[in-house]
Amino acid sequence: MGKQLMKGNEAIAEAAVRAGCKFFAGYPITPQSEILEYLSWRLPQADGVFVQSESEIAGISMVYGAAASGFRTMTSSSGPGYSLLQEGISYIASAELPCLIVNVMRYGSGLGDIFVGQSDYWQAVKNGGHGDYRSIVYAPASVQETAELVISGFDTAEKYRNPVTILSDASIGQMMEPVELPAMKEHDPDKFQWSLKGKGDGEFRRVTSVMYFQENYDDYIASKYKKIEENEQLWEEFQTEDAEIVLVSYGISSRICEEAVSMARKDGLKVGLIRPISLYPFPVKAFEKLNNVKSFISVEMTALAQMAEDVALACKMKNPVYSLGGGMVIYEASDVYAKINEVIEGNAKEVF
């Protein structure tokens, strides 16, 4: 199948349908409303069910029920709507149910504003809900990658029986790029031993928090997330082999950084880029093989250097970590390059 021009949010919706998603429940909020608009006609066309719920809390609760029945299911939101999902995400994780959650980030806390931002890093990666759980978090940098991560996200969610979050942003959600989508995939909701099958003569099953019946729960849950951290790290490297300064950036910011690296290389500066694709688990393996690095710069559209904490942990505090933030004012490649020179000249203040 050839490429077609699609908006990022529409690619999320179409990729979900092609991955076998049969149920969506959610509430519209900018800048992710196109996902609902698209699925409102596309899911019924594919024998699925679309529900515009009365709230985000109702929507994530419906996702819990559909996931318990073995169906591929998802919801999406942004800003304060994503905050309202957190209780439900914690419940879904506690019951070990696979599902896909999409957060198309906008900027600011509270009501914030609808323009691009990356200030939901802490909430998505460190989890906004209660208890011992993690959501596997992917951060796409293009419309094509967004579609691919939606499809692989359903597989990973089922592999570990755990929520998977696509952490997109307003730029990628609203931009149009060529995207190639796979053929339709059928999903059998009855293939799981654990899923509910409805009234009948089969084995009695219940879906609730696994801590109520799992022996050695503490060891079990710690082992589960350790396995995810070992096996599911995803990242992309750009000119890091001999790099002395390494930018770390994800999503739309990484595209700006790639241009900044090219500018620096033309001037003979040894600069590279690590682009985390999985934010949880954070790709610490990418940092372990860097032999020449002297410092890191975390570049993210947030005022509080949220990802910089994970950069410091990934390099085990062996190198200074600097930060370039943004939000109300978006940085350009020239701003990133200026920050690189500021670090080289010793005029930058490290955050870790």
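Which residue in β7 is the bridge partner of Val-104? Hold that one for a moment.

Quick caveats: this is a predicted model, where local features need pLDDT of at least 70 and side-chain atom pairs count only at pLDDT 80 or more, while totals for chains, interfaces and linings use all residues. Residues are numbered from 1 along each chain as its sequence is written, and side-chain values use heavy atoms, with hydrogens and water left out.

Okay, β5, residues 99–105. Strands here are DSSP E runs of at least two residues, helices are H or I runs of at least four, numbered from the N terminus. Seven of the seven residues in β5 are buried, meaning under 20% relative accessible area with a 1.4 Å probe, protein chains only. In a regular strand, side chains alternate between the two faces of the sheet. Here both faces are covered, with Leu-100, Val-102 and Val-104 on one side and Cys-99, Ile-101, Asn-103 and Met-105 on the other.

Now the neighbours. Strands pair if DSSP finds at least two bridges between them. β4, residues 72–77, runs parallel to β5 with four bridges, and Ser-77 has Asn-103 as its partner. With β7, residues 163–169, β5 pairs in the parallel sense over seven bridges. And there's our answer: Val-104 partners Ser-168.

On to the rings: seven aromatic pairs turn up in the whole structure, counting Phe, Tyr and Trp (its six-membered ring) with centres within 6.5 Å; planes under 30 degrees apart are stacked, over 60 edge-to-face, the rest tilted. Phe-24 and Phe-50 sit 5.7 Å apart, centre to centre, with planes at 5°, so they're stacked. Phe-24 is in β2 and Phe-50 in β3, 26 residues apart.

Conventions
Buried < 20%, exposed > 50% of the residue type's maximum accessible area, 1.4 Å probe, protein only.
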